[in-house]
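Please take a moment to look over the sequence and the model before reading on.

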Amino acid sequence: MEGILVGIVVYLIILMAIGIWANRYTENEDQYFVGGRKVSIIAAALSDKASDFSGWLMLGYPGQAFKSGLGAFWAAVGCLFGTLADYVFVGPRLRIYSGRFRAITVPDYLEARLMDDTKLIRILGALIILIFMTVYVSAQYAAGGKALAQAFGIGVNTGVVITAVVVMIYVLMGGFFAVVWTDVVQAMFMVATLVLMPVLALGVLGGFDRATALMSSTHLDPFGGRTGFAALVFAIGYASWIVGYFGQPHIVTRYMSVEDPRKLRRPGIFISGIWTIIVLWGAFFSGFLGYAMFKAGIVHVSDPERIIPAMAMVLLPGWLAGFVIAGILAAIMSTADSQLLVASSAVARDVLHMVFGVELEENTMVNLGRVVVFTLTAIAIYLALSGSKIVYDIVATAWGGLAVGFGPIILLTLWWSRVTKEAGIAGMAYGLISEVILESKIYGWAFNAKAPGIFGVIGAKLAGVPVFFVNFFITLGVIVLVSLLTKPPEEVVKTHREIFKKVPVERAISQAEHVARFAEEIGLMRES
Amino acid sequence: MVNNNDLNFTQVAIKKLYILFTFPPDGGVKVLSAEGWALLLIPTFLAVIVMLLYGFWDKITGMEYYVDDEILGYDEKMVNIERR
């Protein structure tokens, strides 16, 4: 127990030190919310992925791999291609636009891009962020509660409060810079944990074939034993995470902060892509092999989502298990902090500053953001304590709301000059209202046959597919339709066509050419 | 329910030996099928191809997005802090 505590305390000291260091870069909104658009590509790319992969990666997803077996790997496929799609379709273009518009938040960008003078896009954006991001943060606190409960034998609710307080402290201190650089440290902890656990599990099980020998055929089937249309629905159900990537403000804000849009192409996509492959394989095999350990009686868990902390405590000495628990907390905190920051920007900047025109000194605006962080933490703690504690489900609910609310409009505004503000308002309003009703009143996060009336018939056919997957494409259709029925200002179309112009790549100058130029400049050599 | 804290390394080692000696547990060896390996490997391989293609698309086409100071839009105060 003491050993575990040592590992976690060392980790927390590192986070606090980063928070204090980052405080010097936090004087105004630009710096607090997007790091002055000058974040190095390595930090931005690692922070992007650490913010993306949360307690879901360390607890929720291994829990699914534990329960469903090989079929759960489809979720990894969805997340991997979602990550790549973000870099290909969103990252560079969003950075270019947000730099031009000096946009700090996603609603900032959408309002400027669509020339919305009604403030409705900003209000809708803030509402989507506030509702779904608070739910998302509560999922992280629930995950933190579970990890600490497994490690220290304390109550889950006590663990929830401890996690929330630690995250809140360093978000309050350092803003975006603290979040980005703690994310980098956390990304390292996460990758180390997720490489270590499956390797140790393989060792204790005596090899991969011995592990699979302990499992049922259904556990080893890529479609969970289903065939035909049911197999397709099963795979889509898991892989559907992909469409959510375009609309996650805590992820896409990282692209808005990066020092140069061209670096998102190289090395950005390589850093994120390779890191994602490693952690997804690690998380999947932790749960998959954890199940074999469970069947062999090596590890005991009452909740599949606690499999990684349980494995760490069996396979590692105390202090090293402490670092693994720290790795789990890292995943949780690195997401929760980014989400708190985005939610705080939605209230402090998008609503109070830009909608109601509250003009305060820069420092006061930053402090206002901090008050919002404090308030949202309290609400998220309440949700985590009172609601469901199944991390996979809570994350899917929140992910879905953001995916439908922002994904289609972000994607279309980056790639289609013809999108209008009316279409943006209609699409975001539809996304917000439909997701709230479908997820809270009719289905929950995934289609199922228990829904009333016609919804039950549809739910039976698509059972297991997340609601957001279908709703994403409906929202896309709504925006395209309304755009075709309305007309964007010519200025918007012109800007869109000009801003993404491409130019020939500058050839790198070799060392010999540098020397020759210098020699010419000082007169040692004459141009022939 | 057994608490994992109650299992020490010796007990884990004994469990491990038990698995090694009783393998395969039900008389037949269940291994991952070719479809199973395909699910694990093909998407990962395709992802690497996508990374390489997109990562070097500027080299392949010889063209890249135009970027100037206006687009970079750095926060001036931050630039000054860094200079200091």
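In helix 6 of chain A, the buried residues are A:Val106, A:Pro107, A:Asp108, A:Tyr109, A:Leu110, A:Glu111, A:Arg113 and A:Leu114, where buried means under 20% relative accessible area, exposed means over 50%, and partly exposed lies in between (1.4 Å probe, protein chains only). This is a predicted model, in which local features need pLDDT of at least 70, side-chain atom pairs count only at pLDDT 80 or more, and totals for chains, interfaces and linings use all residues. Residues are numbered from 1 along each chain as its sequence is written, chains are lettered from A and ligands numbered from 1 in the order in which they are written, and side-chain values use heavy atoms, with hydrogens and water left out.

Chain A has 23 helices and one strand, whereas chain B has five helices and one strand; helices (H or I, at least four residues) and strands (E, at least two) are DSSP runs, numbered from the N terminus. Of the 528 residues in chain A, 62% are buried, and for chain B, with its 84 residues, the buried share is 30%. When contacts (heavy atoms within 4.5 Å) in chain A are counted between residues at least 6 apart in sequence, 83% of them join residues at least 24 apart.

Let us return to helix 6 of chain A, which spans residues 106-114 and has eight of its nine residues buried. A:Met115 belongs to the loop between helix 6 and helix 7 of chain A, and its relative accessible area of 37% makes it partly exposed. In the loop between helix 5 and helix 6 of chain A lies A:Arg102, which is not a glycine and has a positive phi of about 55°; with a relative accessible area of 35%, A:Arg102 is partly exposed.

Two packed helices are described by the angle between their axes and the distance between the axes. Helix 6 of chain A packs against helix 7 (residues 120-152) of chain A at an angle of about 155°, and their axes are 9 Å apart; axes are lines fitted to C-alpha atoms, for helices over the stretch in contact, and angles run from 0 to 180 degrees between N-to-C directions. These two helices of chain A, helix 6 and helix 7, are therefore roughly antiparallel to each other, given that angles under 35 degrees count as roughly parallel, over 145 as roughly antiparallel, 65 to 115 as roughly perpendicular and the rest as oblique. From helix 6 of chain A, A:Pro107, A:Asp108, A:Leu110, A:Glu111 and A:Leu114 meet A:Ile121, A:Arg122, A:Gly125, A:Ala126 and A:Ile129 in helix 7 of chain A. By class, the residues of this contact between helix 6 and helix 7 of chain A are six nonpolar, one polar and three charged, where Ala, Val, Leu, Ile, Met, Phe, Trp, Tyr, Cys and Pro count as nonpolar, Asp, Glu, Lys and Arg as charged, and the others, Gly among them, as polar.

Another pair is helix 14 (residues 262-295) and helix 15 (residues 307-315) of chain A, which pack at an angle of about 60° with their axes 10 Å apart. That angle makes helix 14 of chain A oblique to helix 15 of chain A. Here A:Ser286, A:Gly287, A:Gly290 and A:Met293 in helix 14 of chain A meet A:Ile307, A:Ile308, A:Met311 and A:Leu315 in helix 15 of chain A, a contact of helix 14 with helix 15 that has five nonpolar, three polar and no charged residues.

Helix 14 of chain A also holds A:Thr276, which counts as buried because its relative accessibility is 0%. A polar atom of the side chain of A:Thr276 lies 2.5 Å from the backbone oxygen of A:Ser272.

Note on methods. Polar contact = N/O pair within 3.5 Å; in protein donor to acceptor, adjacent residues only side chain to side chain.
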